[in-house]
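Colleague: Could you take me through the salt bridges and the helix packing here? Please keep to what can be computed from the coordinates.

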Amino acid sequence: MKKHRIFTTSFASVYPHYIAKAEKKGKTKEEVHQIIYWLTGYDEKGLTDILENKTDFETFFSEAPQLNSNVDKIKGVICGYRVEEIEDPLMQKIRYLDKLIDELARGKAMEKILRS
């Protein structure tokens with residue numbers, strides 16, 4: 001079966017869109033980073049390496065230090081799909097990140113986004 005093209009897309013090519021979406025709604029790059037760190041376990045150095053190396057999404061998630069244990073609390077629709085029902089594990093992780101960035105842009109409180 002052919003891989004979805006987002007799997008081989010570099011995280012660095014999509015990252016500016018995450019930042020732009022947040023900033024357009026008055027949120028910050030630091031808040032986007034907080035979401036990425038929470039979801040994946042990466043830290044500032046790890047994220048910098050990912051961006052500099054133009055790491056693809058598949059590697060970004062497969063090498064993530066620790067997927068947050070509360071990801072099962074991320075629910076809702078993103079891109080027309082319920083994130084909790086997406087069958088492909090990698091696509092589900094990508095959509096989790098999309099969903100969290102979307103919640104940030106919509107003004108949801110950070111403690112709710114991070115499922116605290």
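This is a predicted model: local features need pLDDT of at least 70, side-chain atom pairs count only at pLDDT 80 or more; totals for chains, interfaces and linings use all residues.

Colleague: How many salt bridges does the structure hold?

Modeller: The count takes a side-chain nitrogen of Lys or Arg within 4 Å of a carboxyl oxygen of Asp or Glu. By that criterion the structure holds seven.

Colleague: How many residues apart are Lys45 and Asp49, and in which helix do they lie?

Modeller: Their side chains meet in a salt bridge at 2.9 Å, N to O. Lys45 is exposed, with a relative accessible area of 56%, and Asp49 is partly exposed at 29%. An α-helix has 3.6 residues a turn, so residues three or four places apart point the same way. Lys45 and Asp49 are about one turn apart, that is, four residues, in helix α3 (residues 44-53).

Colleague: Are Glu103 and Arg115 buried or exposed?

Modeller: The side chains of Glu103 and Arg115 meet in a salt bridge at 2.6 Å, N to O. This pair links distant parts of the chain, 12 residues apart, with Glu103 in helix α5 and Arg115 in the segment after α6 (110-113). Buried means under 20% relative accessible area, and both Glu103 and Arg115 are buried.

Colleague: How far apart are the end C-alpha atoms of α1?

Modeller: α1 has 14 residues, and at 1.5 Å a residue it should span 20 Å. The distance between its end C-alpha atoms agrees with this, at 20 Å.

Colleague: Which helices do the buried residues of α1 pack against?

Modeller: The buried residues are Phe11, Ala12, Val14, Tyr15, Tyr18, Ile19 and Ala22. Seen down the helix axis they fall within an arc of 155°, so they line one face of α1. The face turned away from that buried side carries the exposed residues His17 and Lys24. The buried residues of α1 pack against α2 (29-40), α3, α4 (57-62) and α5.

How values were computed: Residues are numbered from 1 along each chain as its sequence is written. Side-chain values use heavy atoms; hydrogens and water are left out. Helices (H or I, at least four residues) and strands (E, at least two) are DSSP runs, numbered from the N terminus. Buried means under 20% relative accessible area, exposed over 50%, partly exposed in between (1.4 Å probe, protein chains only). The expected span of a helix is 1.5 Å times one less than its number of residues. The arc is that of the directions from the helix axis to the C-beta atoms. Contact means heavy atoms within 4.5 Å.
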